[in-house]
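Biologist: I want to learn how labels get attached to a model. Please show me one and let me question you about the words you use.

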Amino acid sequence: MENKKRILTGIRPTGALHLGHYVGALHNWIQLQDEYECYFLIADYQALSDHFHDTDLIKQSVIDVTLDWLAVGLDPDKSNFVIQSYVPEHAELSMLLSFITPLGMLERNPTLKGELDSLPIEQRSAGFFNYPISQIADILLPRAHLVPVGEDQAPHLEMSREIARKFNRMYGEVFPEPETLIGKVGRLSGIDGKGKMSKSQGNVILLSDSKDDVAKKVRGMYTDPNRIRANIPGKVEGNPVFQYLDAFTENDPNVQDFKERYRKGNIGDVEIKNYLSDILNEFLEPIRNKRNYYEKNFNIVEESLDKGISNARKVADKTMTLVREKMKISTYKNIW
Ligand code: TRP
């Protein structure tokens with residue numbers, strides 16, 4: 001146990017999780033649980049960065065994310081589920097690290113820049129500008145060695161390494177330099193074919209969607225817009241219907257057959273979409289059932305969070321004792 005390397009990764013609770021989360025992150029996290037000591041963080045402080053005006057949504061999403069995690073097979077007996085605001089040392093460390101983080105580092109961060117540009121002016125808060133520092137604190141607080149994240153988070157990880165190095169150099173060795181773990185993860189476009197699946201785009205299939213909702217969403221999915229009739233040859237590449245089929249089947253001869261016939265204009269969209277609905281519902285059915293079970297047995301959900309939070313607090317306490325000591329704050333009792 002003790003010798004396992006530590007992983008921290010997180011999610012902003014701003015909605016229930018969808019197939020994109022599964023393909024891009026959860027699938028990978030599930031595999032990591034045996035080999036590493038994992039901290040899976042529900043970053044509700046960070047959710048305030050762009051949802052400070054919708055705290056009801058954050059409150060509900062904390063529960064939804066926990067249920068989704070349990071339903072897909074993240075295991076609270078192996079891993080720690082942590083709610084950020086229950087470990088307020090996150091806020092303390094974030095504040096302390098803000099003093100050694102150069103403004104320019106934030107100003108140059110391309111992910112932050114992009115997100116700021118797409119926020120309406122009245123929502124661009126100081127807290128939002130600072131959120132990469134809060135994310136660095138998330139990672140450094142459990143002194144994580146590895147952080148599994150997608151490409152878009154790479155600039156934040158680069159900053160984490162620089163800040164860890166700077167802290168260690170200035171005040172003394174406390175933090176390992178966290179490495180990015182880019183696993184074998186995929187990316188799913190939205191059902192509208194526009195960019196990636198994302199709640200803010202309204203183009204998602206939720207892990208908790210009902211069978212009928214899935215069928216309805218798949219029926220309305222974007223395909224090749226030039227194929228206005230079933231006998232017109234279509235494009236398979238970049239077509240979300242085939243992208244999903246590839247993500248949720250393996251060496252399926254039917255999928256091969258569909259692709260060939262689609263390219264030749266020998267098959268209607270409806271036949272392929274019905275097949276995709278079935279595949280997705282087959283995948284989601286056990287997840288829905290498990291989610292239902294945990295919703296009805298909420299005490300298990302609570303216990304999972306209690307345990308994860310309690311472990312995270314212990315680790316946080318150790319780290320912060322060291323940090324305060326190295327930064328020579330909270331020290332009047334040790335003067336003489
Ligand atoms: N910013 C991440 C996202 O939007 C969520 C997150 C918060 C995170 N804290 C983290 C990711 C720490 C990795 C490590 O997906």
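Biologist: Why is Asp 257 called partly exposed?

Modeller: Buried means under 20% relative accessible area, exposed means over 50%, and partly exposed lies in between (1.4 Å probe, protein chains only). Asp 257 has a relative accessible area of 32%, so it is partly exposed. Before we go on: this is a predicted model, where local features need pLDDT of at least 70 and side-chain atom pairs count only at pLDDT 80 or more, while totals for chains, interfaces and linings use all residues. Residues are numbered from 1 along each chain as its sequence is written, and side-chain values use heavy atoms, with hydrogens and water left out.

Biologist: What makes Asp 257 and Arg 261 a salt bridge?

Modeller: The term asks for a side-chain nitrogen of Lys or Arg within 4 Å of a carboxyl oxygen of Asp or Glu. In this pair the closest N and O atoms are 3.1 Å apart. That passes. Both residues lie in helix 12 (residues 253–264), four residues apart, about one turn of the helix. Helices are DSSP runs (H or I, at least four residues), strands are DSSP runs too (E, at least two), and both are numbered from the N terminus. Arg 261 has 24% relative accessibility, so it also counts as partly exposed.

Biologist: How many salt bridges does the structure hold?

Modeller: It holds 15. One of them links distant parts of the chain: Arg 291 in helix 13 (residues 269–296) and Asp 68 in helix 3, 223 residues apart.

Biologist: Which side chain meets Asp 209 in a salt bridge?

Modeller: The side chain of Lys 217, at 2.6 Å, N to O.

Biologist: Why is Asp 209 called buried?

Modeller: Its relative accessible area is 7%, so it is buried. Lys 217 is at 25%, so it counts as partly exposed. Asp 209 lies in the loop between strand 5 (179–181) and helix 10 (211–219).

Biologist: What lies 2.9 Å from a polar atom of the side chain of Asp 209?

Modeller: The backbone nitrogen of Leu 206. A polar contact is a pair of N or O atoms within 3.5 Å; within protein, one must be able to donate a hydrogen and the other to accept it, and residues adjacent in sequence count only if both atoms are side-chain atoms.

Biologist: Now Gln 33. Why is Gln 33 called buried?

Modeller: Its relative accessible area is 3%, so Gln 33 is buried. It sits in the loop between helix 1 and strand 2 (37–42).

Biologist: What does Gln 33 touch, not counting residues up to four places away in sequence?

Modeller: Contact means heavy atoms within 4.5 Å. The residues that Gln 33 touches include Cys 38, Phe 40 and Asp 75. Gln 33 and Asp 75 are 42 residues apart in sequence, yet 7.8 Å apart in space, C-alpha to C-alpha.

Biologist: What is the value of phi at Arg 143?

Modeller: Phi is near 50°, a positive value in a residue other than glycine. Most residues other than glycine have a negative phi. Arg 143 is found in the loop between helix 8 (131–140) and strand 4 (146–148). At 19% relative accessible area, Arg 143 is buried. Lys 328 also has a positive phi, near 60°.

Biologist: Why is Lys 328 called exposed?

Modeller: Lys 328 has 67% relative accessibility, so it counts as exposed. It lies in the segment after helix 14 (298–327).

Biologist: Into which domains is the protein divided?

Modeller: Domain 1 (6–188 + 298–334) and domain 2 (209–292). Such bounds come from an automatic or database domain assignment. The C-alpha centres of the two domains lie 35 Å apart.

Biologist: How much area do domain 1 and domain 2 bury between them?

Modeller: About 940 Å², 70% of it on carbon and sulfur atoms. Buried area is the accessible area (1.4 Å probe) that two parts lose on being put together, summed over both. Across this interface, 13 residues of domain 1 are in contact with 10 residues of domain 2. The count of salt bridges between the domains is two.
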